[in-house]
Amino acid sequence: SQHFFDASIHYRGEFPFWNPLILCGTPFAADPQMLAFYPPNLVRSILTFHPTPLRTHIGLGIMIVAHLLLAGSGMYCLAKYHGLGKAAATVATTIVSFSLIGVSTASANVVLFTASAWMPWLFLLAFGALDAATSRLFFRRSLLAGLLHLLMVLSGHPQFIIYVTITTFVAAFVYTTFSFSKNAHSKQIPINTGLKRLSSYYAITVGISALGSLMLTLPANEFVALSMRSALSAKAQEERYVFVLSGLQS
């Protein structure tokens, strides 16, 4: 599918919305796991000149390694943000980047790993926004967190994004409620101010992510309505099978 994506861009000069090579034709851009709207994959596809299946696989390998490094560096920065030493931060980085679960996920399920690699940076931006010394800095970090959350949505794993959203919001709530958050001058932030910031952070990140994800969710919803995962479509398929069987019996 990714080679078809590369070939459509370079040889046909068009963004593929339809893939005629699978099941006599299936939607391409409407399938969230095709990474059609994921910016790093778009860059990879554009930079894959004169694409062949081998060059596409090499590009995907480079993208996976880059996400491994991205996850590791994000975990290192997150550990240092919470006051861990270099040794402890390095151990956390090694676990995230080279654990069996991480490596196997990166090689077997690219879509899942492209989303999870951004998680440490999302936590870092969330805590940084709550600890911001000024309202301008808070808004700036919340805006970046919203854009990063949108990037994870566009990576194409809807179920995983639900888990990420819930986990991030719960962690931010605990961080604020138990008065762990401090500003840049190490002054404790009052609980009322922290809860107001938390509500504003939720509104900003969810708003940005919801509006930006329409480019993916609208065609995906139309695609799902035509698939067997839709109750209406399943009922139509069942009626079609009954009609065919009755015809054969007669």
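**Exercise 1.** Decide whether Phe-15 is buried, partly exposed or exposed in this predicted model.

*Solution.* Begin with the cut-offs, by which buried means under 20% relative accessible area, exposed means over 50%, and partly exposed lies in between (1.4 Å probe, protein chains only). Phe-15 has a relative accessible area of 26%, so this residue is partly exposed. Phe-5, by contrast, has 0% relative accessibility and therefore counts as buried.

The model is predicted, so local features need pLDDT of at least 70 and side-chain atom pairs count only at pLDDT 80 or more, whereas totals for chains, interfaces and linings use all residues. Residues are numbered from 1 along each chain as its sequence is written, and side-chain values use heavy atoms, with hydrogens and water left out.

**Exercise 2.** Classify the aromatic pair that Phe-5 and Phe-15 form, and locate its two members.

*Solution.* Rings of Phe, Tyr and Trp (its six-membered ring) pair if their centres lie within 6.5 Å, and planes under 30 degrees apart count as stacked, over 60 as edge-to-face and the rest as tilted. The structure holds 10 aromatic pairs. In one of them, Phe-5 and Phe-15 are 5.8 Å apart centre to centre with 90° between the planes, which makes the pair edge-to-face. Phe-5 sits in helix α1 (residues 2-10) and Phe-15 in the loop between α1 and β1 (18-19), 10 residues apart, and the pair links distant parts of the chain. Here helices (H or I, at least four residues) and strands (E, at least two) are DSSP runs, numbered from the N terminus.
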